[in-house]
Amino acid sequence: MDPLETHTRDLTRRRFFADAARSMSAAMGTFALGSLMDPGEALASVANLAGAGETPGPLVPHHRPQAQRVIYLHMEGAPSQVDLWDHKPYLRDRFNQDLPDSIRQGQRLTGMTSGQARFPVAPSIFRFSKYANRQDGVWVSEIMPHTGRVAGELCFIHSMHTEAINHEPGITFFQTGSQIPGRPSMGAWASYGLGSSNANLPAFVVLISQGFGNMQALSARFWDSGFLPSEHQGVKLRSGENAVLHLRDPDGMDRDTRRRMLDLVGELNEAEMARSLDPEIRARMAQYEMAYRMQMSVPDLTDFSDESEETLAMYGPEVRTPGSFAANCLLARRLAERGVRFIQLYMRGWDAHNNLPGEIRLQSQAVDQPQAALVRDLKRRGLLDDTLVLWAGEFGRTVYSQGALSESNYGRDHHPRCFTVWMAGGGVKPGITFGRTDEYCYNVVQDPVSVHDLHATMLHLLGIDHTRLTYRHQGRDFRLTDVFGRVVHEILA
Amino acid sequence: MSRIDRLLEAATPEVLLETAGRLHPLVLHLPIGLLLLLAVLEVPRMLRRGAAGDGAGGDRPPLIRAAIWLAALTAAAAAFSGWHLAESPDYVVGRTLQLHRWLGVGVAAAAMIAAVAWTVRWTRGYRGFLLLAAATIIPAGHFGGVMTHGEGFVTAPLRAAMAAAAEVEEGEPAAEPDVEPEPAAEGEPEPVAPLAASQASFALDVLPILDARCAACHGDRRRKGGLGLTSTAAIAAGGSSGPVVPTMPPASADAVAEAELLRRILLPLDDDLHMPPPERPQPTDAEIAVLRAWIAAGAPLEATFDLAVAVAAVEPEPASEPEPAAEPVAEPEPAAPAPAPPAAAAIAAIEARFATARPIVPGRPGLLVDLSVAPAVLTPAEIAGLLEPLARSVVELGLARTEVDDTLATVLVRMPFLQSLDLRATAASDTLIASLLNHPRLERLVMAETPAGDAVLAAIADGGMPALRTLHLWNCGATPEAVAAVRAARPEVRVIDDSLADVEPLETEPPITLSSDRPLPGAASEASEPAAAAALRPINDECPVGGVPADPRFAIVHEGRVIAFCCPDCATRFWADPSAFPVTVRAGGDSDG
């Protein structure tokens, strides 16, 4: 298509008045520029004129990427770092003592424990084992034995902290860099900046697994594209027989008929586009075409029959249950090898305010073997070299017990001041731990890493300077890290 | 057809304008001299007559009338010719050229008005516009000189002498952005790294030479012969007569010397085609050696090369024909370097098959090509056909799960810049992979889930693929003995199979016993509250880091002791190195417990 024609046709109303206000020479310069750009670039740059933003286009990545894609295992509900990763044997001798005020320092609490008369220390009742890594070993809880075995590949960050203390703002902050809803999700930023490597699949795919514990709401805005063009929003694959609803042609419609129908609808859309100049029509047309191609690519993606028995066994018995965390981990690997840029898994049910030992045992059982298998499988296939795996909840959990404390049961409230995440592959140093918490596992005492820092580091690994990937919306340039963020160079390989 | 006829036919307006443009250096100096002379002559006249000298009388030497008209007409001619000279590909229309252009036009206009003013006896107008023209011609001439000779041409010897006197660190003067080292290079330290450091790179070793010796005429402001030598895009684009460096390691020393860049330098000094021009500073032998090694390695713009290797004999199939990917692009634009047209078409062909081909970093040479995302639809011949035109650009190549066969070897060996090759889950054979054994740059090879095995591993153990750092072998055709042999022979190579399978913990905690100073809830009375508080009372009164009274609010628990500090910063410092800060325990600290 002639770029000048495209450009003229994509002239929105707002753009029209803005141009008219400019001097004649400036307007002519705009058109001259439009004709100089190559068609693809011109198309890309006009795709989001409604937001008056520009695609980063040919400027991203800013440097050579270490990671081509991300698999983000989000543990929704916030798993307890004290019971899984952050080994605090000293607490065993402080069972049921009050948490010192000098540690809590008057920190705000949620409404769920702010009324408690006392804050008794609840040491983890799980035994930890030490696994070899590139440093002097790392302690991992007995309920994550498989993950412990791949510790040589993992980079534990014990010093994560966040600003939010409740789930919705916490997850929103982790996903979008802001506690307030409405910003684009990290996967949408990656899609916007780097595009897709596979035209047959979306660049940002979301997979959800139900958990066993207390489950929090999980809303689609966590993977929304916010003000970025709509095609960058995450596409949720369902766990049932149809991974994408209504993707299959209805009975009696063959693929040729579908093609002819799409061509006709496309012509009508083109006509509407020429009339109303609404760029969303173009996004809709792109999504129709994507769906048509996904009719071929998705069945191949979700069909595990080409996996060896050994591989299936490695992910554990649940791998044959669609929608289980095991099945989704294997699906994540299959998406990764098909070039999907950002694969977001959610494992629900970590919000153990009461009966934590029982709940976390079930939760860990569901994730431990699959996530370890994922790391191992990526590694042996050579995919871990350029795939970044992130395992994170939205915050941590308190060292003091919420509700009744006994030698076999306790609960834990939300804790934003410190928690543990781990990463693997994609240019992160393997087999290290980074950052330390105090002996009450309450405050970070060394190398704090904020959510913005984590985002900056992940974008850096994807070849993106987090200060330069911006999108102009409502008169200002937005970025994932807002005005914050430091690349944590200490954990980069 | 007579010679005159041919001449008339050839003299199209474009050609005539280009010819006129080349007269610019000839005509521009006359108005400079005349305008400055007239301005100097006018000053005493102004002083003598004062501001009242606007009358019709007074002396009006006829020479001035001739001089001002000559100045005005030559200034106009200079502006006209200069305008068309700038259209030639030798020049980059940048800020300097624009300033020069418009200042020059201003001079011509002011001089013309001054001439008319003289003729109509408007003395005040004559003086005003003459002085304006004379004042404008100074910056105009300056920017013209900057384009011809480079910035800081006049003051360069002075600055070089000052730099020498100040004993500035070696190499630093060349790095200053405002110094164009070329004219003063003879007096400067060598910008070249010593040859002893065998590994070299374009940016650190070659570019400084090109900056010093070539940039004045082939730089950002000027591109004589359409050739720029100060950016990777411009070098890749070549000059108007074609590429100046090869894109692959040449076959022989003779072929290295045939590369246009080196050939021109090596021509005798009195040869018309010799570069740099004989009146310019010439590259030293050491610099020529660096350029020779660089070209011998295939003129890599990103990868390093070995200065010790004068001729690379590593490529099994020297390609003798000129490389299409190095064809010059029409108008090199430093701001938005575009892939050469053939490459763009080849990339589009790959994208049309829903696979990936894109620059690893935009604007830099080096492509990532990933055909694995469109598996099972490409035949081996199609794969070879898609890759063939991009062979010299591919740095990372993903072929996992595609249909490859041994015929692909002919394409792979023609990828001199290949660093990463993923052949996972393909039918790649020992024969195919062995074709890359001599590859000088291949750093990462994935042969997991391929039938290839012992034969190629034995060759790698013997030193094949010298640059190899990562080797993926899971489920390939190799025996455990062959894998062990590679591990032993090539310790620098990370050999990855499925080693995570049998990791066991180093140690496990003993069964957990929970203890407390306090009884369990229900059994306890509220009276025991102070005891817990006391147990958590800091053991010290003085901050071990700051040495001032400690504040119990800033306490940490270290090795079972509660230690207080004066501020959170001190606690952090203590935590980083507890042994550096001995803690003074409060006398009788436990008395109230």
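Reply: Happy to. On one side of the pairing, Phe325(A), Ala326(A), Cys329(A), Leu330(A) and Arg333(A) of α13(A) touch Ala366(A), Val367(A), Pro370(A), Gln371(A), Leu374(A), Asp377(A) and Leu378(A) of α14(A), where contact means heavy atoms within 4.5 Å. By class, that contact has nine nonpolar, one polar and two charged residues; Ala, Val, Leu, Ile, Met, Phe, Trp, Tyr, Cys and Pro count as nonpolar, Asp, Glu, Lys and Arg as charged, and the others, Gly among them, as polar.

A word on the ground rules: this is a predicted model, in which local features need pLDDT of at least 70 and side-chain atom pairs count only at pLDDT 80 or more, while totals for chains, interfaces and linings use all residues. Residues are numbered from 1 along each chain as its sequence is written, chains are lettered from A and ligands numbered from 1 in the order written, and side-chain values use heavy atoms, leaving out hydrogens and water.

Now the geometry. Helix α13 (residues 325–337) and helix α14 (residues 356–380) of chain A have axes that come within 8 Å and cross at roughly 15°. Here helices are DSSP runs (H or I, at least four residues) and strands are runs of E (at least two), numbered from the N terminus; axes are lines fitted to C-alpha atoms, for helices over the stretch in contact, with angles from 0 to 180 degrees between N-to-C directions. The two helices are therefore roughly parallel (angles under 35 degrees; over 145 is roughly antiparallel, 65 to 115 roughly perpendicular and the rest oblique). Their crossing is right-handed, meaning that the near helix is turned clockwise from the far one by less than a right angle.

Moving on to charged pairs, Arg380(A) joins Asp498(B) in a salt bridge of 2.9 Å, N to O; the rule asks for a side-chain nitrogen of Lys or Arg within 4 Å of a carboxyl oxygen of Asp or Glu. Another one pairs Arg348(A) with Glu76(A), at 3.6 Å between the closest N and O atoms. Those partners are 272 residues apart: Arg348(A) sits in the loop between β7 (342–347) and α14, Glu76(A) in the loop between β1 (69–75) and α5 (81–84).

As for the interface itself, 64 residues of chain A are in contact with 58 of chain B.
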